[in-house]
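Dear colleague,

I am passing on the structure we spoke about, and below it I set out what came up when I went through it. Please read the notes with the structure open beside them.

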Amino acid sequence: MAESTSAKKHLETTLLVPALRKKHYAESLTQTAGQKTGWCSNGVPSEILDAFGINAVYVENYATVCASKRLSSGFCRAGERAGFSQDVCGYARILMGYLLGGAEAPEAPYGGLAKADFLLVNSYSCDSRMGWFATMQQTLDIPLFVLDAPYQPGGGCTEPAHMVYTESQLLELVSFLEEQTGRKLNKEQLRARIDLSRRSADIQTEIYEMRRAVPSPLSAGDAYTVVWPGMYMAGTRECDDFYARLRAEVNDRIANKIGVVPEEKFRLLWSGLPFWYNMALLNYFEDFGGVVAIENAYFRNEKSCPSQHPDPIKDMAITSTMRRHYAGDLEQRLQLTLDIVRDYSIDGVVLAYNPSCRLMYLLQPELKNALDRHGIPNVNIECDMADERTYSEGQIKTRLDAFIERMLALRK
Amino acid sequence: MDLQLDSLRRNRHDMARAWKNETGGKVVGLFCCDVPEELIYAAGMLPVRLMGEKEEASEADLHFPSNCCPYVKRSFDQGLKRRYDYLDGIVVPNTCDMVRAMYGTWKMNLETPYAYFLEVPQRISAQGVEFFREKLLDFKGSLEEWSGREIRDGAVEDAVEVYNLNRRLLHRAGRLRQDGLITGVECQNLAISSMVIPKQEHNRFMEAFLKEAAGRDVRPAGVRLLVSASMLDDSDLIGVLEECGGSVVADDMPAGSRYFFFPVENSSDPVAALAERYLSRIPCPRKMLPLARFDFVRQVMEGAGVQGAVIHSLKACDCHLYEYPYLKAMIEDLGLPVLFFRGEETSAEQETQRDDIEAFIEMIRG
Amino acid sequence: MISAGIDVGAVSTSAVVLDENGIAGSFVASSFEDGLDPRQVMDRLLERTGIKWEDVKVVAATGRGRSGCKFAQKTSSDVACQARGAYWLFPSARTVINLGAEVSRVLYLDEQGRVLSFATNDKCAAGSGLFLESMANLMDLDVSEIGGLALNAGSAVEVSSRCAVFAESEVISHIHKGELKENILSGLHTAVADRIFELSCKLTFRPNLVLTGGVARNIAIVKHIEQRLGVTALVPPDPRIVGALGAALTARL
């Protein structure tokens, strides 16, 4: 692989993220006395954890940090040595390798993670998360709470039974946290956090919409970094300020027609997760006038539901039933991709087939079929998003080079 | 109708079509042990577990990538090859990523008239059981709307009785297996056949079969094995184990004990009883409750005199692959050796597994 | 008593004759080059040792093709025969790694040489003899040379240890870039040894380590495995015959 594997950052606001992230991890390690630490999966609402004053560590992000620091091989080997198959999520193997240590495990970035007092996982994103957290529970022998909610393949709905069940699970989470921390939920703080979270999320939605502009004001190389505060600092003033600033910068670039390349020759959609150990791949097209204008992994095109109830827990239950992020009928997801291609003036799609992230991987062939039916050029590249041993530079570059040639030829 | 045990699975499509012609009823395909078949039965329909064949999944390969569940992919492949054209409906439960993905993909590519997604909670809780009860009522309502007929409580209770009898009979088969009167292959074929032919018919078949088997001479036992597996939808692997000198005397499999082990309790609210049994009692790793899982594995081994365990996971099966290191440790702590396979369960693969299986059996014999 | 053992493997068949004094003779035939069937392999061995068929009390067969050996009175699994053969040669053997043409296995033995557990490679070719042979062919070398060349390399070019298909395309690309054969081989051998080491990690390693199978003649592989495990390996004079030796011992049981 090339020497530098980080993505090139085109926006100034993006450059703020590494410091934010480092600070976040440093603060997490030096938690205040009496503060409890919970290791969480993405999807466990940070607003509730903040309202309890809990030090929330979102471990999937740590796995991407290990991968981007080129440490995945050692951690994965350590995880596999403990018996975890190469079939399972790269993040899980990295984290298990970190937990189990051993001679193969490299030195942990940021000085490692704060020791967990309990584990929290949400059920309705993917199987792997739950399996992984269950195994962490067995290794660490600490309490695990599984936050469940209806799957809702059709997306959001208004069924009362769904809302009642979701609320009951949130209330159980609250009881669990009250037991673990010895504190009561601070509902005012939770309400404030939720409102701020929604505000930041809405700004992010606006920014996604702004990215329709030609030339592209914000491409995937920056996007996968600027998504970080919203995922891990949601509900904070800092997060809100960050996105307001980002929106301003994107606005400015659009007004002045500042793109990511001097002359935009083709625009791409990246479908799936990026390869965290080689984010520079997202910039690969730039030398040829190509830009990854948009990505579908964290895409949002809907504003937050306005508050549905004064009680914050009931509000969360109702609004999360009415809106669904990960789930969604296959036909809906395919249609969304076609809409993105149309709305973002996309010339071609890169399909990242990631064998260990089944959630994303399973839909790529049907996505390819849909793109082929509509005559939208696409290329698929297959390797794990976190385990860099699966990356074959020669093979991938060959495919991308051929695709780029095709993109350039189509332009003529 | 030829009721030879080993032909029931092979002839399942013809049998389902014949049933449709005779009764004018609807056939509903389904995945996984999570779907309360009793409701489908009570609606006068025939529930059948979807299964694949050991052939190249050439059609499904165009819709699913390579590293995913071979069982679901091959079942879908059978659909694409038009072998499931007689299905009037499918029911997809909220079991795992691959099964969930099947909901959208099946609907998009096949013309099965009725497709239902069943919300099954991912963890066991009192509120979960209540939620599941409500979803089962919704499911029941959906079946009523589709069939144009009401499903009275009495019909559900009758269905539970028929199914519970089937479960008791399959338990009896398990005991005969432990006693060496029927083989592991026969026992698994009994469970598999139960999933594809009408339950009452299967009950009659089993009564006759078990009566005959009880009168057999006890066959000499091979090395006594537990098989713990993700979905094996035929008895081929068990067959190889028994050809190599093993006797499969206990199992922890979806097309086996996990399907029938627990009964539905008698209750004034039969739908609530279904919710309780199907949510709280199915010991699948997908439920993420390792202690309950390991209790179940210990339960199926009770009294069987197991000498070694064969753990099989289909490739890309997150639920089983995460569990594996801990399940292995639990079984080894009981003093039993473990042989592990992870694969696609193709015929070619089974030939290479044979070497390891013979070595394992020889190792246990000493 | 004279007994014989035959090991009908993927690419070669080996045979051993045992008498009261030990190994009376052994013979290894390559399936492709020599074109001998198992019976003929045994004929050849007996010819060489001057022993007649009638004098051989019992024959046992092992290896993938063992069921085809109609002249054998007993058959036994590869695992059991590798264990018996290795333990007979080295009674201190507690870990045996069998490096075959297609399959690699690690076995753990107790103090009496009984198999406690074993693990087989994951259907992946990247740890096997046939893979090394095809890489040698790619570089116009004989497989017997590559270990020595790899050990004498000044530096190593990185080769993926994850997958044989990847490794092959990487080797080809290194050749095109003009990398020195020794350096490519060094990287390749590290990758293959890593794969084997990964296999050995499935169980808890205990010394002493015995390496068997054709690939155990490759000094670079042996050295790398020794380094990874931090031990000196015991390698029989002809590691290819350990299975057949184990079969000959089985015949005497």
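Predicted model: local features only at pLDDT ≥ 70, side-chain atom pairs only at ≥ 80, totals over all residues.

The domain bounds used here come from an automatic or database domain assignment. Domain 1 of chain C is made up of residues 1-90 together with 240-253, while domain 2 of chain C covers 92-235.

Where the two domains meet, domain 1 of chain C brings 13 residues to the contact and domain 2 of chain C brings 20 residues. On the side of domain 1 of chain C that touches domain 2 of chain C, helix α3 (residues 78-89) of chain C gives the most, with 7 residues. That side of domain 1 of chain C divides into 9 nonpolar, 2 polar and 2 charged residues.

Turning to the contacts between chains, 40 residues of chain B are in contact with 38 residues of chain A. Three helices of chain B, namely α5 (97-109), α6 (126-147) and α14 (318-333), each supply at least two residues of the side that touches chain A, and the residues of this side of chain B divide into 21 nonpolar, 9 polar and 10 charged.

Chain C also touches chain A, with 7 residues of chain C in contact with 6 residues of chain A; on the chain C side, these divide into 2 nonpolar, 3 polar and 2 charged residues.

With best regards

How values were computed:
Residues numbered from 1 in each chain as written. Chains lettered and ligands numbered in written order. Helix = DSSP H or I, 4+ residues; strand = E, 2+ residues; numbered from the N terminus. Nonpolar A, V, L, I, M, F, W, Y, C, P; charged D, E, K, R; others polar.
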